[in-house]
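This report describes how two chains meet in a model, and then turns to one residue. Please look over the sequence and structure before reading on.

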Amino acid sequence: VRLVPLRYPFRSLAVRWSPSVFSALGIGLTVAVLGGVLSLREGFRSLLAETGREDVLVYLRPGAQSEGESIVRYPTDSAILVTRPEIAKDATGAPIAACESYLGINLQKTDGSGTTIVPVRGVEPMSFVIQGDRLRVVEGRKPTFGADEVIVGVPLSRRIRDCRVGDTLLFNVTPFQVVGLFTHEGSYGSEIWGDVVRITGATQRPFRQRLVALLADDHDPSRIAAIADEIEDDARTPMKLQSEKAYYAAQTTTLGDVLMALATILTTLMGTAAVLGAVNTMLAAVGARTREVGVLVSLGYRGFSVFLSFLIEAGVIGLAGGVLGCLIVLPLNGLQTGTTNWNTFTEVAFAFRVTPPLLAKSVGVAVLLGLLGGAVPAWRASRLVPTAALRRL
Amino acid sequence: VTLARLVVRNLTRHPVRSFLVFAFAALSLFVFGFLRSVVTSLDEAVRSASSDRLVVSSAVGLFAELPASYREPLLEVDGVESVARWSWFGGTYRDPKNFFPRMAVDLDVFFGQYPEVVVPEAQRRALLEERRGCMVGTGLVDKFGFAVGDTVSLEGTLYRHPRGLPWDFLVRAVYGTTNPAFQDKGLWFHWPYLQEVRSADPTYAGVPATVTLFMVKVARGRSIAAVSEAIEARWAAGPVRAHAQTEAAFRAERVAAFGNVPALLAWIGGAVFLAMLFSVVNAMSMAARERAKEVGVLKALGFRDGTAARLVLWESILVVGSGGLLGVVLSWATADSWKVVFAGALPNYFVTGATVALGAAIAVAIGFLGGVVPAARLARLAPVVVLREDA
């Protein structure tokens, strides 16, 4: 089969540039919306994914979907749990485990738009050992255990009032002094940390929310599921055990699902609209070039070649739209935003993330939209009978 | 008359293109109706909140809980008519994805505070008499097929039933609501039953009972501000500080938790309209180009410049306007199906008349904007030039 030279579709695009540009713009906007919503989802997902490690164990009350719903009695449950064999021990033989509290506390936003719910974690000294280098105090110092002191995640210090070193935060009726700022790539980075004893005391909370521990060296992370089954049925302290990674991965579901549904609905609707626009453009292109097609066919090009040529033209429009859409989305990368983690009803700060696979996906959708729009008109062009086409003025 | 006939003839000359533009407009306005309704539904929940109900919760945080023992002192506060205990139950119905609010409340007080909740009298009495009874909204009936007499089993998350058994509630009533902002997808049961089970759980041995919030009804004619001030002052020094706010303010805080979502939706809506405008300009330019010759003929026959141009403009407005109207009306007609899709996230989703009207107006405006540029070009065409061209 002799193919129509590639120059033909490209030249045609240039000749009829205004409808081509408008179609590309339509596809570009559709792809920009898709990319924008997906980058929001990607940012939220990666925040929680980076929080979790496979060799850190999280013990919650059975049935609890998040820390907010969990109860761990201290020391009734925790004293038994820390003796478990899968928990690592330090040089002195003490288990590397911490029984932490977790509570969303109302605090004022700096922009004056009212209060928001900020996650406050009551921690034990071992909490810092478990997080290791991933948690870095970048200003001030760590809180002193036994004192009413807290450290604040850096993104929070910008969004929440009274969160700079030296400021005082009121939890219930007890003032806590901010003594440091810290960073953590994961979602701990938008929390406030302080001594669990002081915090549960100040907020009148009878329970703690989770036990977190380091996995012993002689245990393989792949065995956590088996250990979890065993603990779930324990008579004295039934617990739900997950790796920290699995726990945070599950936390993305609610918001992740909503954003994915939004992206799907919008892309389907807007994509259909964009295809309609492309069909319109390509139909007009075929209509205006009826005579040219007649010439091509008389020259011996087969229907299939003509079909392919017009399809390429449509694909190029889609590609241009895709690139345009990506250009619109790219500046979003790194843009900070805040939303609620619906699993714990607390505020999380995170950034849009535009990743290469996301861009590739967007361009792919754009080309597909172009091809879908071009298919019927191209097929029409390929069916033109040369004599009839040439006869038409 | 001739003009109108020409417009209609032109519409049917390229039926495929007219249909495509029409469909495009319908789709875009459908998306608009959907996006705007998400935002207005959120606002509506705030606006339609009752003005005589106060939400008293812990000043510490939403899930920090207040001691249940605050009820008696609350009742003594001057201006307070009634107080209901509310505890967020959480729980899982079959799958964590089946999210809907489950709340333990003092149902007898609740009915007095919420006249917008409608329950047949016989069911109301049966519910109040059954210790393990619950009432479900019509929305849940539609979704899960619950009926009076059924048993609904929930797995406890916050509150565990002894020995890890599921909580079995007996459906005694189905409620409807006269206020769309009060969601019809809730399960409500007796607060004393929750407390009964909780106090039998060894975990809670020695731990005083708590509530998520107290719903307080302020007596007619009493100042809401004065009552909330008195309540907050009562526990200013602890043990747990209380925060009293109107139901509207409470809901506004929940809406604020959506963060930048409304702004995000507005941006998307803008992109949709821009894409729609491009498409209309494109289609109408094509139509205008094809008709250059005819317009030349019309002008040569003595029609004025404006008349010929108006043909294209009217065609654009007609197609885009009617398509847009269809789209926004469709989004209104399908609102109930969207409600099912949103499930827990947006239980009060509905499309207002204002949204439909605004959508139709925008469609006409885009039809005008899209048609005006090609029309202006046609108006400027010199008949001799067009007629001389042979293509």
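In this predicted model, one salt bridge is found across the interface of chain B and chain A. The partners are A:Arg61 and B:Asp201, whose closest N and O atoms are 3.9 Å apart. Polar contacts between chain B and chain A amount to six residue pairs.

On the side of chain B that touches chain A, α2 (15-47), α9 (247-256) and α10 (261-290) of chain B each provide at least two residues. The largest share, 14 residues, belongs to α10(B). Sorted by class, this side of chain B holds 39 nonpolar, eleven polar and ten charged residues.

The contact involves 60 residues from chain B and 56 residues from chain A. Between the two chains about 4,800 Å² is buried, and carbon and sulfur atoms give 67% of that area. B:Leu20, B:Val60 and B:Phe278 supply 12% of what chain B buries against chain A, more than any other three residues.

B:Val60 is also among the contacts of A:Thr203, together with A:Leu103, A:Ile105, A:Phe171 and A:Asn172, when neighbours within four places in sequence are left aside. A:Thr203 sits in the loop between α6 (196-202) and β9 (210-214) of chain A. Because its relative accessibility is 3%, A:Thr203 counts as buried.

| From | To | Distance |
|---|---|---|
| A:Thr203, side chain | A:Ile199, backbone oxygen | 2.7 Å |
| A:Thr203, C-alpha | A:Phe171, C-alpha | 6.5 Å |

In sequence, A:Thr203 and A:Phe171 are 32 residues apart.

Terms used. Residues numbered from 1 in each chain as written. Chains lettered and ligands numbered in written order. Predicted model: local features only at pLDDT ≥ 70, side-chain atom pairs only at ≥ 80, totals over all residues. Heavy atoms only, no water. Contact = heavy atoms within 4.5 Å. Buried area = accessible area lost by both parts, 1.4 Å probe. Salt bridge = Lys/Arg side-chain N within 4 Å of Asp/Glu carboxyl O. Polar contact = N/O pair within 3.5 Å; in protein donor to acceptor, adjacent residues only side chain to side chain. Helix = DSSP H or I, 4+ residues; strand = E, 2+ residues; numbered from the N terminus. Nonpolar A, V, L, I, M, F, W, Y, C, P; charged D, E, K, R; others polar. Buried < 20%, exposed > 50% of the residue type's maximum accessible area, 1.4 Å probe, protein only.
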